[in-house]
Amino acid sequence: MAVEQREPATNHELIRVENLHTQFFTEQGVVKAVDGVSFGIEKGKVLGVVGESGCGKSVTAMSIMRLLPEPRGRIVSGEITFYPPEGGTVDITGLDRHSSEMRSIRGRHIAMIFQEPMTSLNPVYTVGDQIIEAIQLHQKVDKDTARARAIEVLDQVDIPDPERRIDEYPHQMSGGQRQRAMIAMALSCYPSLLIADEPTTALDVTIQAKILRNMRTLQREYGMSIMLITHDLGVIGQMADEVLVMYVGRKVEQSSVRGLFHNPLHPYTQGLLKSIPLIGLRGKKLVPITGSVPSPYNLPTGCYFAPRCPEATDQCQRESPPESEVEPGHYVSCWLYK
Ligand SMILES: Nc1ncnc2c1ncn2[C@@H]1O[C@H](COP(=O)(O)OP(=O)(O)O)[C@@H](O)[C@H]1O
Ligand SMILES: [Mg+2]
């Protein structure tokens, strides 16, 4: 592991992403999928990442996991630094993505669950065999111990009768159970960071709420950090401590959940809030944000949100806004606050 003597920016941080630029080099041109994003995730906290489809949420996660389809998609600059709970510093951007260090980080320290569990569970192996394999890949334990641990985690995610269900194939489980099995697999190695990319989007609302509650409980029990990616601010309100709002590869606002819901600053965040059915706001008219996310090949000059923004001025059309801290810990990139 690449251990340096450098201390984290605050010693509460588990990971820090600094000025990350991740791009795709395609026939039509360069896609700046992540365009200068910085944030940290504190130990034992949930960071929600929100934004419409195409805003760079998944690519941010894939950059941390070093799972980009390189060389077509790659980190062109910036730093991702991981501070393992046992001490030391790992320069994730400096590692070879195929190295044993990076493979050990993936799975053991940082686990990821994807939106569609069918694509991440292998249909030809039982759910149990896949969890046992994941455990044995990262921990020196025998098969019986790994199996006992697999049953334990399946039980923790509320799979009924886990001693029996462990030997089922993915297709024998419902969508909700498969997603819970994926979460169990991610938890089986006691990761310090779980990256959950739209983990419940494909599920119906009641199962979604149940899985999220369950994840939150496990997160507290394990003292784990979560990076929770979603396009749904309702999920953020239920789950997160801190929120990052992304728009076209850039961070437009960052705040505590309280700060964001009580005092949303960016017109984009305000638009997102008006467009979702929130608890307590039931009955209020939902107003979708007009227009759509611009094509990455044809970006507006100035603030990327200006063409859709009800408050845009000439300056917004011309220049992109710098970030400012409007109240302690509440950051926004918008000319209204300069
Ligand atoms: N493999 C890829 N090749 C080219 N462009 C990609 C690829 N993956 C993602 N992108 C582009 O990167 C941008 C960010 O995508 P993504 O992170 O998936 O958005 P989100 O997860 O917020 O919906 C989008 O413009 C998307 O089209
Ligand atoms: Mg995505």
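**Notebook: a first look around**

I started at Ser324: leaving aside its neighbours within four places in sequence, Ser324 is in contact with His330, Tyr331, Val332, Tyr337 and Lys338. Contact here means heavy atoms within 4.5 Å.

Ground rules, before I go on. This is a predicted model, where local features need pLDDT of at least 70 and side-chain atom pairs count only at pLDDT 80 or more, while totals for chains, interfaces and linings use all residues. Residues are numbered from 1 along each chain as its sequence is written, chains are lettered from A and ligands numbered from 1 in the order in which they are written, and side-chain values use heavy atoms, with hydrogens and water left out.

**Ser324, continued**

I found Ser324 in strand 11, residues 323-327. Strands (E, at least two residues) and helices (H or I, at least four) are DSSP runs, numbered from the N terminus. With a relative accessible area of 11%, Ser324 is buried. For that word I use under 20% relative accessible area, with exposed over 50% and partly exposed in between (1.4 Å probe, protein chains only). I also checked Trp335: it sits 11 residues from Ser324 in sequence, and the C-alpha atoms are 9.4 Å apart.

**Asp144**

Buried or exposed, I wondered about Asp144? Asp144 counts as exposed, at 61% relative accessibility. It belongs to helix 5, residues 143-156. From Asp144 to Leu336 I get 192 residues in sequence and 60 Å in space, C-alpha to C-alpha.

**Glu13**

Next I looked up a charged residue in strand 1, Glu13. Its relative accessibility is 6%, so Glu13 counts as buried. What does its side chain pair with? There is a polar contact of 2.9 Å between the side chains of Glu13 and Arg16. (A polar contact is a pair of N or O atoms within 3.5 Å; within protein, one must be able to donate a hydrogen and the other to accept it, and residues adjacent in sequence count only if both atoms are side-chain atoms.) Not counting residues up to four places away in sequence, Glu13 touches Gly40, Ile41, Glu42, Lys43 and Tyr83.

**Ligand 1**

Then the ligand. I noted 14 residues around ligand 1, of which Gly54, Gly56, Lys57, Ser58 and Val59 come nearest. A residue is near if one of its heavy atoms lies within 4 Å. Strand 1 (13-26), strand 2 (29-42) and helix 1 (57-65) each supply at least two residues of this shell, and helix 1 gives the most, with 3.

Looking at oxygen atoms of ligand 1, I found one 3.1 Å from a polar backbone atom of Cys55. A polar side-chain atom of Ser58 lies 2.9 Å from an oxygen of the ligand, and a backbone N or O atom of Val59 also lies 2.9 Å from one. Taken alone, ligand 1 exposes 560 Å², and the protein buries 71% of that; the areas are Shrake-Rupley values with a 1.4 Å probe.

I turned to the largest nonpolar core, which has 95 residues. Such a core is a set of buried Ala, Val, Leu, Ile, Met, Phe, Trp, Tyr and Cys residues joined through side-chain atoms within 4.5 Å. Ile110, Ile195 and Met227 have the most contacts inside it. Helix 7 (residues 175-187) makes the largest contribution to this core, 7 residues. Beyond four places in sequence, the contacts of Met227 include Phe39, Ile41, Leu193 and Ile195.

Last, why is helix 11 (residues 267-274) largely enclosed by the rest of the structure? Because 6 of its 8 residues are buried. Those are Pro267, Tyr268, Thr269, Gly271, Leu272 and Leu273. Among the elements covering them I noted strand 3 (46-50), helix 9 (233-239) and helix 10 (257-262).
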